[in-house]
Amino acid sequence: MKLLIVTAVKGFEKEALSLFKGAKINAFSNADINGFKTDDHENLIDNWFSSSTDKVRSVLFFSFEEQPKIDIFLHQLREFNQEIESDNPMRAVVLPVESFV
């Protein structure tokens, strides 16, 4: 079992859902989040109220799934990211799950 975590800008939410469907990952969770991107490597804590930080409406998905379905998802995601023209491609990470209850 693995933990798949996916982030995307809000504008790609429907496409992310389509990737989950295409990989036959039927059980997942999501949450609206704010993404931040700075060009000058400033520390967000040191400059907490700065207006120079760009906030991006984003969405986070996660799912506990077996590797074969995750492989399909990642393959589809690579293809999607190659076809889009965006500075904000969808991102995914896969983490091992050592134990669960």
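**Ground rules.** I noted that this is a predicted model, in which local features need pLDDT of at least 70 and side-chain atom pairs count only at pLDDT 80 or more, while totals for chains, interfaces and linings use all residues. Residues are numbered from 1 along each chain as its sequence is written, and side-chain values use heavy atoms, with hydrogens and water left out.

**The chain as a whole.** I found two helices and four strands in the protein chain, and along the sequence they follow the pattern β-α-β-β-α-β. Of the 101 residues, 29% are buried, a word that I use for under 20% relative accessible area, with exposed for over 50% and partly exposed for what lies in between (1.4 Å probe, protein chains only). Among contacts between residues at least 6 apart in sequence, 76% join residues at least 24 apart, contact meaning heavy atoms within 4.5 Å.

I traced the four strands as an open sheet in the order 2-3-1-4, with antiparallel pairing; two strands count as paired if DSSP finds at least two bridges between them. Strand 2 (29-37) and strand 4 (91-96) stand at the edges with a single partner strand each, so one side of each has no neighbour in the sheet. From one strand to the next, the twist averages 25°, taking axes as lines fitted to C-alpha atoms, for helices over the stretch in contact, and angles from 0 to 180 degrees between N-to-C directions. I then followed the antiparallel pair of strand 1 (residues 2-9) and strand 3 (residues 54-65), which eight bridges join, and noted that I5 has F62 in strand 3 as its bridge partner.

**The helices.** Helix 1 lies across strand 1, strand 2 and strand 3, and runs at about 15° to strand 3. Helix 2 also packs on the sheet, where it touches strand 1, strand 3 and strand 4, and its direction makes about 160° with that of strand 4. I next looked at how the helices meet: the axes of helix 1 (residues 13-22) and helix 2 (residues 67-83) come within 8 Å and cross at roughly 140°. In this contact E15, A16, L19, F20 and G22 of helix 1 meet I72, F73, Q76, L77 and F80 of helix 2. I sorted these residues into seven nonpolar, two polar and one charged, counting Ala, Val, Leu, Ile, Met, Phe, Trp, Tyr, Cys and Pro as nonpolar, Asp, Glu, Lys and Arg as charged, and the others, Gly among them, as polar.

Is A8 buried or exposed? I found A8 buried, with a relative accessible area of 4%, and, leaving out residues up to four places away in sequence, A8 touches S58, V59 and M90. A8 and L60 are 52 residues apart in sequence, yet 6.7 Å apart in space, C-alpha to C-alpha.

K2 is also found in strand 1, but K2 is partly exposed, with a relative accessible area of 26%. Not counting residues up to four places away in sequence, K2 touches a list of residues including S63, F64, E65, I70 and V94. K2 and V94 are 92 residues apart in sequence and 6.5 Å apart in space, C-alpha to C-alpha.
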